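Here are my notes on the model you sent over, in the order I went through it. Have the viewer open while you read.

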Amino acid sequence: MRAALSEYFGEAGGNPGRSGHRMSVAAARIVETARETLAELLHSNDASRIVFTHNATHALNLALYGVLRSGDHVVTTSIEHNSVMRPLRHLEKLGVELTVVACASDGTLDLDDVRRALRPGTRLLVTTHGSNVAGTLSPIGALAALARDNGVLHLVDAAQTAGAIPIDVQEMGLDLLAFTGHKALLGPTGTGGLYIREGVALAPLIRGGTGSDSAHEIQPEFMPDVYESGTLNVAGIAGLAAGGRFLSEIGIETVQAHERKLVAQFLAGASEIAGITLYGPGDAALRCGVVSFNVAGTVPSEVGLILDESFGIMARTGLHCAPAAHRTLGTFPTGTVRFSFGWFNTPAEVELALKALREIAVWAANGAMVSAKGNL
Ligand SMILES: Cc1ncc(COP(=O)(O)O)c(C=O)c1O
């Protein structure tokens with residue numbers, strides 16, 4: 001990824017579509033090659049259906065505000081990230097009616113509950129593919145079929161899964177899929193995108209210069225320019241493409257199998273540590289690489305600090321921008337400690353994490369958390 005960024009700054013550095021000079025053309029080539037790489041990874045046979053955005057939040061906002069209008073009904077789930085929940089709560093104020101389907105306490109979504117929530121007037125179903133708190137996977141293929149059968153559009157938040165779990169937008173019949181670049185796609189921060197199935201019409205979120213159709217003051221209507229106003233993060237997109245190429249070589253099935261093994265190892269080890277509470281499904285096959293837990297007698301931030309400072313392990317703690325998910329798990333308002341296992345993690349690192357948790361659980365049981373930190 002670093003090499004791709006450096007190559008962009010060294011040899012391209014231009015603004016795609018804004019000029020005919022060699023640097024602009026080189027930058028445009030980087031963006032279009034990246035689009036093809038992402039389309040290939042997601043199995044879209046038309047690269048122009050991939051729109052680049054600044055992150056998954058931007059992509060989700062583009063889809064939500066692009067589809068929903070006052071009087072529409074939208075259905076979502078109780079494990080969504082705030083990048084879905086906050087726009088939906090705002091849209092509610094603009095006259096959109098919202099139903100939040102409750103997931104089970106391990107984050108599992110019941111298809112029948114979703115079916116019951118759909119009704120005439122339902123315009124959109126929004127579901128995360130992998131919970132960023134519990135790690136629980138949702139059956140996006142079955143949800144897409146359910147939505148389609150009911151004449152409802154389906155938006156998938158694949159922030160946690162794109163690059164880590166195989167996704168075939170065509171075979172699964174997905175309408176809209178938002179992804180971020182900086183997680184399993186191994187790209188830099190400030191990158192992401194939205195897949196938009198042909199035939200799905202969205203109002204653009206922003207309008208402006210696209211470097212195309214410049215004689216007109218009206219936004220072009222063709223893909224992907226209609227949704228890509230303003231200068232793109234070409235350096236970031238170059239890095240994202242490098243991550244995508246790396247994943248294509250390994251194969252996403254291989255990444256999934258690797259992460260699943262690490263998650264299974266962690267769940268088996270952690271479930272034997274007295275004082276550790278694990279959240280999400282017990283079966284690694286039902287999860288992505290995210291695992292959440294708590295240690296009795298501690299708060300998540302305290303555990304996170306000790307993991308970092310005493311063991312060199314970086315974990316995310318707290319509410320993970322997903323208060324509804326924590327309410328579902330019963331961990332609101334304190335939250336959890338979260339590990340995210342990825343391609344570059346090893347079984348030895350999982351073992352190290354388990355060893356650290358064993359020590360922390362003993363310190364906590366002995367009321368020695370403060371002195372443990374003092375001994376760093
Ligand atoms: C499930 C989920 N959705 C959306 C997002 C937002 O992603 P981004 O930070 O790229 O906007 C995240 C980020 O952690 C996430 O985990």
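How many cavities of 30 Å³ or more does the count come to? It comes to 2. Bear in mind throughout that this is a predicted model.

1. **The cavity lined in part by charged residues.** The largest cavity has a volume of about 40 Å³. Its lining is made by Ile-165, Gln-256, Glu-259, Arg-260, Val-263, Arg-287, Cys-288 and Gly-289. Sorted by class, that lining has 3 nonpolar, 2 polar and 3 charged residues.

2. **The second cavity.** The second largest cavity also comes out at about 40 Å³. Around this one you'll find Leu-38, Leu-41, Leu-42, Ala-162, Gly-163, Ile-165, Ile-167, Leu-185 and Ile-252. Helix H2 (residues 22-42) is the top contributor to the lining, with 3 residues.

3. Now for open space: the largest pocket has a volume of about 1000 Å³. Its lining counts 38 residues, and Ser-340, Phe-341, Gly-342, Trp-343 and Asn-345 are the ones nearest the centre. Which elements give two or more residues to that lining? They are H7, helix H8 (252-270), strand E11 (336-340) and helix H11 (347-365). By class, the pocket lining divides into 22 nonpolar, 11 polar and 5 charged residues.

4. **H1 against H7.** Helix H7 turns up again in a helix pair. Two packed helices are described by the angle between their axes and the distance between the axes. Helix H1 (residues 2-12) and helix H7 (residues 234-250) pack at about 145°, and their axes are 8 Å apart. The crossing of H1 and H7 is right-handed. On the H1 side the contact is made by Ala-4, Leu-5, Tyr-8 and Phe-9, while H7 brings Val-234, Ala-235, Ala-238, Gly-239 and Ala-242. The residues of this contact divide into 8 nonpolar, 1 polar and no charged.

5. Most residues other than glycine have a negative phi, and most peptide bonds are trans.
   - The peptide bond from Met-223 to Pro-224 is cis, with omega near -5°. Pro-224 sits in the loop between strand E7 (192-196) and H7.
   - The bond from Phe-332 to Pro-333 is cis too, with omega near 5°. You'll find Pro-333 in the loop between helix H10 (323-329) and E11.
   - Leu-186 has a positive phi, near 65°, although this residue is not a glycine. Its place is the loop between strand E6 (176-180) and E7.

6. **The chain as a whole.** Stepping back, the secondary structure comes to 12 helices and 11 strands. The C-alpha trace spans about 75 × 55 × 35 Å along its principal axes. Why does the radius of gyration agree with a compact globule? With 376 residues, such a globule would have a value near 21 Å, and the protein chain has 22 Å, so the two agree.

Key: Residues are numbered from 1 along each chain as its sequence is written. This is a predicted model: local features need pLDDT of at least 70, side-chain atom pairs count only at pLDDT 80 or more; totals for chains, interfaces and linings use all residues. Side-chain values use heavy atoms; hydrogens and water are left out. Axes are lines fitted to C-alpha atoms, for helices over the stretch in contact, and angles run from 0 to 180 degrees between N-to-C directions. Helices (H or I, at least four residues) and strands (E, at least two) are DSSP runs, numbered from the N terminus. A crossing is left-handed if the near helix is turned anticlockwise from the far one by less than a right angle, and right-handed if clockwise. Contact means heavy atoms within 4.5 Å. Ala, Val, Leu, Ile, Met, Phe, Trp, Tyr, Cys and Pro count as nonpolar, Asp, Glu, Lys and Arg as charged, and the others, Gly among them, as polar. On a 1 Å grid over the protein atoms alone, a cavity is a set of points where a 1.4 Å probe fits but cannot get out, and a pocket is an open set with protein on both sides within 12 Å along at least five of seven lines; lining residues have an atom within 4 Å of a point. Grid points are joined across faces, edges and corners, and a volume is the space filled by probe spheres set on the points. The radius of gyration is taken over C-alpha atoms; the globule rule is 2.2 Å times the number of residues to the power 0.38.
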